[in-house]
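Welcome, and thanks for taking a look at this one. Here is a short briefing to read alongside the sequence and the 3D view.

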Amino acid sequence: MQSERVTFSNAEGETLSGVIEAPDGDVRAWAIFAHCFTCSKKSLAASRVARGLAAQGIGVLRFDFTGLGESDGDFSTGGFSSNVSDLLAAAGWMARQAKPVTLMIGHSLGGAATVVAAGQLDGVNAVVTIGAPSDAGHVVEQFKESVAEIEAEGAAQVNLAGRPFTLSRSFLDDVRAATVQDAASALKKPLLILHAPADDVVGIDNATSLFLAAKHPKSFVSLDRADHLLTGKDDAAFVVDVISGWAGRYVGQAQSVDAAPRPSGHEVLVRETLANGPFQNEVLIGGRRFLADEPKRVGGAETGPDPYEWFTTGLGA
């Protein structure tokens, strides 16, 4: 797999930071991974699941929501709707890079945002949540002792996951107004719910509420002995295997070069790969496979010679 650092703009024109984990070979599908509340694209769940899926042919964009990690913006006022907006911006950017997103995966509050965002994206065929709350307002429990101060003063500093954050009244109002169960009910897309029975941050009853709200096809898989942050390597590997197998029904299988018609003799076939950027092409010459691409300075991924280098090579040969 290949890791590529990328940036793109949110709806406010602020720069969001991300990483694309791309398969080395054929791409089954492109996905987006939404991280948990106050986490980042570097969380264990985000990095391990994204890399694991890339190893199984599913390319993944993981990125920092507005105001978190290496992304610009103000986290204190963004709220839940900002996360949803960021996911829509990420999907739009991926489409412009010739990496259309058909699978969306969200962890914890990122899972709730994914359910809402996926309902607004026609190209998304399948949705996965991991330890997600059925109500975005659930996150208020993590700083409930500061709610009165936020409401009275307009803002307050709170401690989340060992780090200080300033949260405003608008943030509080935004998460309370979210209607995640309504979005699940109206989703009309296959939904896979992954949740640990002993999750002490987002209780298993949230999985029940999401499952009951959603329409079929829907599936639930128990993450026995996993914690909320999915810190165990074996647990992350299990999540990868489940998502990869389940999603295959909805986002397609990798197209093997062996299964494609192979040119015989000196016959040449050039075709788009829709992987690793907008300029990569697959070149089949007499049954042998090569890649053609453009330099990174013009938007390519440098996975093979550019057309001028191919032409020069042919003359030289």
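**Chain briefing**

Among the contacts between residues at least 6 apart in sequence, 62% join residues at least 24 apart. Please keep in mind that this is a predicted model.

**Fold and dimensions**
- You will find 9 helices and 13 strands in the chain.
- The radius of gyration is 21 Å, close to the 20 Å that the globule rule gives for 317 residues, so the chain is as compact as a globular protein of that length.
- Taken along the principal axes, the box filled by the C-alpha atoms is roughly 75 × 35 × 35 Å.

**Burial and surface**
- Buried residues make up 51% of the 317 in the chain.

**Charge**
- The chain carries 26 positive side chains and 38 negative ones.
- The centres of these two sets lie 5 Å apart.

**A look at H107**
- Is H107 buried or exposed? Its relative accessibility is 1%, under the 20% cut-off, so H107 counts as buried.
- Leaving aside residues up to four places away in sequence, H107 touches F33, A34, H35 and C36, along with A45, I130, H228 and L229.

Definitions and conventions
Residues numbered from 1 in each chain as written. Predicted model: local features only at pLDDT ≥ 70, side-chain atom pairs only at ≥ 80, totals over all residues. Heavy atoms only, no water. Helix = DSSP H or I, 4+ residues; strand = E, 2+ residues; numbered from the N terminus. Rg over C-alpha atoms; globule rule 2.2 N^0.38 Å. Buried < 20%, exposed > 50% of the residue type's maximum accessible area, 1.4 Å probe, protein only. Contact = heavy atoms within 4.5 Å. Lys, Arg positive; Asp, Glu negative; His and termini not counted. Charge placed at Lys NZ, Arg CZ, Asp CG, Glu CD.
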